[in-house]
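Student: Hi! I've got a structure open and would like to talk it through with you. Could we start with the overall picture and then go into details?

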Amino acid sequence: MKKFEILRYLKRFSMLIFLLTMAGAAMIYLYAQGKQQYTASVVLKYTNDGIKDGYAPDGSDLDVNEIYSSTVIAQAMDSLGASGRLTTVRSNCSVTPIISEEQEKINDALIEKGEEVTYFPDTYKVSLVVDGKLGGSYARNMLDAIMQSYCTYYTEKYVEQKLSLNPSRNLLDNGYDYYECVRILENDTNDMHDFLLAKRESYPNFRSSQTGYTYKDLCAIYSELKKYEIPKLYAYVLDGPQIRDGKILQEFIANSIADSQNSEAVGAQQRSEIERLIASYVEKNAGILKSYFTEGGDNVSSNYILGTIEDAGAGEKAITTYDNLILELVGIDKTIAADKIDRQFLEETLTAFQNVSFGGTEEEHTQMEQMINDYENELQEYYEIVNTSSKELNLYISADYLKMVSSVRVAPSINIKLYIMLALVLFFVIGCCGAVLLGRMSDIVDYLLYVDKKTGLPNREKLNIYIGEMAGKVLPEAFTCFTLSLDNLSELTKRFGYTVGDGVLKDFAGLVQLMGDTEGMRGYNGVGRFVVFFEECSSKKAAAMIRILDNQVEEYNSLNPEYPIRYTAAWATTEETDTYEIRELLRLSQKKWKQMEKAKKDKTRGGNVKDRRFHYVDAARGIAVLLVIYGHTFRRICGQPMRGAIFPIRWCIGSTSRCCFCSPVLGTP
């Protein structure tokens with residue numbers, strides 16, 4: 001059996017080891033990728049004064065769970081353009097308070113005493129977990145969008161007023177008449193103008209970095225729309241007039257006039273009630289002034305009165321119930337006055353549309369519709385500008401109340417690179433162990449099935465397999481087939497027994513195994529014959545290999561004179577024989593070997609006395625066996641004629657005068 005050589009096994013199965021390592025690493029990668037999750041996190045801190053008591057900037061209770069409310073998540077997904085289920089994103093969001101160790105000890109101590117914990121943390125860690133298939137960049141972008149959406153939501157709810165709704169769209173497609181469309185667009189324009197006026201007063205120096213507009217600029221734009229675009233639309237509607245369905249429009253205007261009259265009546269009633277409350281309030285608080293006069297009747301200075309009010313708890317911006325009533329009264333008066341003006345305009349419009357069922361030509365209607373659609377688009381464009389500017393303002397304002405302590409960080413749940421490295425090492429070790437095991441098992445199988453136990457070389461079955469594999473191929477140049485035989489194997493076995501014969505056979509097989517300096521096929525063909533195949537072995541190289549083998553045999557014979565090696569070697573080369581088929585090359589090699597074997601036998605018959613003596617001894621022994629069979633009694637033959645034999649024969653061997661039956665070493669006959 002071949003020696004246990006780990007490097008040989010690893011080299012033999014190197015490709016298998018590589019494939020197993022890559023397959024194992026790929027399998028671990030796919031498994032880790034399937035289990036992978038990315039966690040994006042950011043630290044958020046509330047900075048308003050009332051946060052320690054759990055209050056928002058407007059004094060209401062703060063709910064940190066609003067960070068992953070449906071409104072915030074929906075706005076974030078819309079801004080990011082992400083698809084998927086909103087509930088999935090919400091369920092993977094979490095808000096965890098960050099509390100110092102010292103405060104945790106205080107809270108634990110209060111709980112142990114049974115007291116209520118009043119501490120409200122101001123710092124929170126917001127986390128979002130997403131599936132590994134979406135990637136770490138998706139987790140980062142989604143959490144960033146959620147935080148921006150929450151800042152806008154927080155500012156609009158607790159700090160600033162919310163932006164008005166989108167302007168009306170597709171009014172003509174919804175069945176409105178031209179006059180109704182213009183009136184609705186006018187209301188949208190007025191609402192946005194009022195919103196911008198308030199923003200201009202509160203933030204006169206704010207300019208959006210994204211749009212480049214200030215609220216003063218935007219307010220001026222909407223003022224121009226009110227002054228020119230809306231009157232232009234009204235003028236074009238009333239000129240003609242432009243009507244889709246006069247009957248329906250007249251009913252609409254009449255209903256609007258009736259609603260305005262009802263509103264004025266309700267407002268007048270509310271106004272008289274407020275006037276009554278104001279008079280009652282003044283009457284009940286008339287005695288307060290007496291406390292600000294001295295006994296001598298001198299009036300107290302106004303500074304003293306204001307100081308007293310401030311000491312009592314009312315600041316310079318304090319508004320009393322009386323002030324609220326006055327402001328409400330003024331608001332009702334303004335509403336009634338505006339309704340009167342609007343109602344007068346409706347009455348004039350109704351007169352213009354009186355007894356008109358369909359006004360204007362088709363071309364005029366087409367132009368009217370185009371003007372309405374153009375104005376809708378213009379309002380929508382300016383709304384996007386206002387919306388973008390307002391969102392930027394809200395983020396700017398939120399910085400005074402919300403602070404991002406850290407940027408968004410993304411961490412994978414599984415370190416895939418580490419897993420792959422471990423998988424490469426693990427499966428490489430498994431592959432090496434498997435290669436050694438397979439290699440050793442292959443050696444065992446080859447030894448049991450394809451190795452000759454006497455010589456240790458591949459047996460005849462292995463040679464047949466090799467020849468069968470090479471039979472379908474064209475042999476390369478300088479391919480050589482050797483045929484060798486151990487000529488004296490039978491003689492050694494007869495003289496010294498099978499142990500010596502097998503030993504010499506094994507020694508000669510070892511010399512055959514050492515033939516050549518390249519890989520080849522060396523096999524034992526039985527009955528002392530060997531077959532050897534070499535690639536890249538020319539006829540000159542084959543002759544040199546035989547000379548080296550002769551020298552090795554000579555050296556062996558000098559060390560073992562009692563049982564020397566005598567062999568015959570012949571070879572055939574493709575380039576020399578012009579034969580490129582392995583079976584034919586083997587036949588030529590064996591033919592050449594037979595010729596050499598025959599030549600040796602002829603030479604032996606011609607006068608090689610030392611070789612001929614073995615034949616004489618064999619004959620003598622054969623005769624002796626026959627005599628024994630016939631039951632004759634033999635005497636020791638010591639130079640005397642045999643007695644009792646069938647015929648007298650004098651057979652004396654050598655100078656030792658010993659009988660051929662009792663001497664293992666034979667002399668000259």
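This is a predicted model: local features need pLDDT of at least 70, side-chain atom pairs count only at pLDDT 80 or more; totals for chains, interfaces and linings use all residues.

Student: Got it. How many helices and strands are there in the protein chain?

Tutor: The chain has 20 helices and nine strands. It runs to 669 residues, and 35% of them count as buried.

Student: And what about the accessible surface, how much of it belongs to carbon and sulfur atoms?

Tutor: Carbon and sulfur atoms hold 54% of an accessible surface of about 40,800 Å². As for contacts with a separation of 6 or more, 77% of them are between residues 24 or more positions apart.

Student: Let's switch to the surface. Which residues form a nonpolar patch there?

Tutor: That would be Met15, Phe18, Leu19 and Met22, which together have about 420 Å² of accessible area. Phe18 sits in helix H2, residues 14–35. Its relative accessibility is 47%, so Phe18 counts as partly exposed.

Student: Which residues gather in a patch of negative charge?

Tutor: Glu101, Glu104, Asp108 and Glu112 make up that one on the surface. Glu101 belongs to helix H5, which covers residues 101–113.

Student: Is Glu101 exposed or buried, and why?

Tutor: Glu101 is exposed, because its relative accessibility is 64% and the cut-off for exposed is over 50%.

Student: New topic: salt bridges. How many does the count come to?

Tutor: The count is 11 salt bridges. The general idea is that side chains of opposite charge can pair when their charged atoms come close.

Student: Where is Asp217 in all this, and what does it pair with?

Tutor: Asp217 forms a salt bridge with Arg207, with 3.6 Å between the closest N and O atoms. Asp217 is in helix H8 (residues 215–238) while Arg207 is in the loop between H7 and H8, so the bridge ties together parts 10 residues apart in sequence. Asp217 is partly exposed at 30% relative accessibility, and Arg207 is partly exposed at 49%.

Student: Which salt bridge links distant parts of the chain?

Tutor: Take Lys600 and Asp487, whose side chains meet at 3.3 Å, N to O. This pair links distant parts of the chain, 113 residues apart: Lys600 is in helix H19 (residues 582–605), and Asp487 is in the loop between strand E6 (480–486) and helix H15 (489–496). Lys600 has 37% relative accessibility and counts as partly exposed; Asp487, at 25%, is partly exposed too.

Student: What about Glu201, what does it meet in a salt bridge?

Tutor: Glu201 meets Arg200, at 3.8 Å from N to O. Glu201 is exposed with a relative accessible area of 60%, whereas Arg200 is partly exposed at 31%.

Student: Which residues are linked in a network of salt bridges?

Tutor: Glu5, Arg8, Arg440 and Asp443 are linked in that way.

Technical notes:
Residues are numbered from 1 along each chain as its sequence is written. Side-chain values use heavy atoms; hydrogens and water are left out. Patches are made of residues with over 30% relative accessible area and no salt bridge: like charges are joined within 9 Å, nonpolar side chains (Val, Leu, Ile, Met, Phe, Trp, Tyr) within 5 Å. Accessible areas come from the Shrake-Rupley method with a 1.4 Å probe; for residues, only the protein chains shown count as cover. A salt bridge is a side-chain nitrogen of Lys or Arg within 4 Å of a carboxyl oxygen of Asp or Glu. Lys and Arg count as positive and Asp and Glu as negative; His and the chain ends are not counted. The place of a charge is taken as NZ of Lys, CZ of Arg, CG of Asp or CD of Glu. Helices (H or I, at least four residues) and strands (E, at least two) are DSSP runs, numbered from the N terminus. Buried means under 20% relative accessible area, exposed over 50%, partly exposed in between (1.4 Å probe, protein chains only). Contact means heavy atoms within 4.5 Å.
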